[in-house]
Amino acid sequence: MNEIKKRGEGMPYGVVKEVGKRYAIVQMERQEMCGECHACDYITGKKDCILRCEKEIECQVGDMVELKLAQPTFLKATYVMYGFPLIGLIIGLVIGLGASKLFRLGSEDLWVLIGGLLGIVLPLIGIKWAENQGKFKKYLPHIIAKREI
């Protein structure tokens with residue numbers, strides 16, 4: 001249905017790198033759902049990404065696992081993680097510029113910089129707080145099965 005397929009091979013899969021009580025960290029190869037993003041290429045220099053996944057089964061470090069990841073929720077999570085800080089940056093830049101002109105605070109560049117930084121940091125703090133409250137749990141991929149290597 002809406003699950004993301006990996007090049008016609010069924011569910012996406014990855015290798016467990018860390019295991020916690022409720023979550024596991026899984027490294028997986030870049031998926032078709034990523035489109036032209038390539039963020040993993042820029043961050044790690046590789047075509048793989050690291051995901052925090054909710055465990056529906058017990059697994060250990062090194063296990064190959066299948067993941068269930070609904071595409072609509074993945075896209076929403078992407079909008080939250082990248083969209084809110086971007087919108088915050090733009091709003092912060094405008095507010096910083098406006099405040100420097102309105103109140104004649106001196107160096108416009110400094111106030112634009114401060115506004116932009118606050119515009120990025122405040123949404124990220126809000127996202128982290130919401131994550132700690134469990135608001136984004138529905139966006140996490142789920143480990144649903146072990147896969148033979």
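Helices, of at least four residues, and strands, of at least two, are DSSP runs numbered from the N terminus. In this predicted model, the protein contains five strands and three helices. Their order along the sequence is β-β-α-β-β-α-α-β.

The pairing of strands may be followed from strand S5, which spans residues 142–147. Strand S3, covering residues 48–55, runs parallel to S5 and is joined to it by two bridges. Within this pairing, glutamate 54 has histidine 142 of S5 as its bridge partner. Strand S4, made up of residues 64–68, is also linked to S5, here by five bridges and in an antiparallel arrangement. Alanine 145 in S5 stands opposite glutamate 66.

The chain as a whole may be considered next. Of contacts between residues at least 6 apart in sequence, 68% join residues at least 24 apart. Buried residues account for 28% of the 149 in the protein. The accessible surface amounts to about 9900 Å², and carbon and sulfur atoms contribute 62% of that area.

The mean pLDDT of the protein is 83, and 79% of the residues reach at least 70. Among the elements, helix H3 (residues 108–132) has the highest mean pLDDT, 94, whereas helix H1 (residues 39–44) has the lowest, 60. Over residues 1–8 the pLDDT stays under 50. For that segment the model has 24 contacts beyond four places in sequence.

How values were computed
Residues numbered from 1 in each chain as written. Predicted model: local features only at pLDDT ≥ 70, side-chain atom pairs only at ≥ 80, totals over all residues. Heavy atoms only, no water. Buried < 20%, exposed > 50% of the residue type's maximum accessible area, 1.4 Å probe, protein only. Contact = heavy atoms within 4.5 Å. Areas by Shrake-Rupley, 256 points an atom, 1.4 Å probe, with all protein chains shown as cover. Pairing = 2+ DSSP bridges. pLDDT = per-residue confidence, 0-100.
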